[in-house]
Amino acid sequence: AYSRLTPRPEPPAPCPLNRLVQDVVQALADDVARVNAEINVAPLPTLPGHCEQLQQLFFCLLDNALRHRQPDTTPQIEVDAVPVQPATLPTGLDPT
């Protein structure tokens, strides 16, 4: 689903990114095994957001990394998070 119509948007909720990414890795387990991929997930924070959308984002990112790789290579995928200072964000992007 590319969009969702709701009468009222849900407020952001705490999203444990480690759990979301692990669920995605499990959902892609057959593809990971088929291409012999190695996925390393560093400790990730819990962030306020829309968990379903964040999980869909990670699914798309990992799925693309598995599908769009160099032929005859073993994908090595790293998932990590780094803190961003608000001053380094583009103008107009609210860090909250």
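Reply: Let's start with the naming: helices are DSSP runs of H or I with at least four residues, strands are E runs of at least two, and both are numbered from the N terminus. This is a predicted model, where local features need pLDDT of at least 70 and side-chain atom pairs count only at pLDDT 80 or more, while totals for chains, interfaces and linings use all residues. Residues are numbered from 1 along each chain as its sequence is written, and side-chain values use heavy atoms, with hydrogens and water left out.

Me: What makes arginine 34 and aspartate 31 a salt bridge?

Reply: The rule asks for a side-chain nitrogen of Lys or Arg within 4 Å of a carboxyl oxygen of Asp or Glu. In this pair the closest N and O atoms are 3.3 Å apart, so the pair passes. As for placement, arginine 34 and aspartate 31 sit three residues apart in helix H2 (residues 29-34), so about one helical turn separates them.

Me: Why is arginine 34 called exposed?

Reply: Exposed means over 50% relative accessible area, buried means under 20%, and partly exposed is what falls in between (1.4 Å probe, protein chains only). Arginine 34 comes out at 57%, so it counts as exposed.

Me: How many salt bridges does the rule give, and which other pair makes the list?

Reply: The count is two. The other pair is arginine 67 with aspartate 63, at 3.0 Å from N to O. These two residues lie in helix H3, four apart, which is again about one turn of the helix.

Me: How do you know whether aspartate 63 is buried or exposed?

Reply: Its relative accessible area is 14%, so aspartate 63 goes down as buried. Arginine 67, at 49%, is classed as partly exposed. If you skip neighbours within four places in sequence, aspartate 63 is in contact (heavy atoms within 4.5 Å) with Leu28 and Asp31.

Me: What makes cysteine 15 and cysteine 51 a disulfide?

Reply: The test is a pair of cysteine sulfur atoms within 2.5 Å. Here the S to S distance is 2.2 Å, so the pair qualifies. The structure holds one disulfide. It links distant parts of the chain: cysteine 15 is in strand E1 (residues 13-16) and cysteine 51 in helix H3, 36 residues apart. The angle about the S-S bond is -105°, and the link is left-handed. Cysteine 15 has 0% relative accessibility, so it is buried.

Me: What makes a set of residues a nonpolar core, and how many does the largest one have?

Reply: Members have to be buried Ala, Val, Leu, Ile, Met, Phe, Trp, Tyr or Cys residues, joined through side-chain atoms within 4.5 Å. The largest such core has 17 residues, and Val21, Leu62, Leu66 and Val79 have the most contacts inside it. Helix H1 (17-27), helix H3 (51-67) and strand E4 (76-79) each give two or more residues to this core. H1 provides the largest share, five residues. Beyond four places in sequence, leucine 62 has contacts that include Val21, Leu28 and Ile77.

Me: Why is phenylalanine 58 called buried?

Reply: Because its relative accessibility is 15%. Phenylalanine 58 lies in helix H3, and it touches Leu17, Val21, Val24 and Val79, not counting residues up to four places away in sequence.

Me: One more: what makes asparagine 36 and aspartate 72 worth a look in the backbone?

Reply: Most residues other than glycine have a negative phi. Asparagine 36 has a positive one, near 60°, and aspartate 72 is at about 60° too. Asparagine 36 lies in the loop between H2 and strand E2 (38-41), and aspartate 72 in the loop between H3 and E4. With 53%, asparagine 36 counts as exposed; aspartate 72, with 82%, is exposed too.
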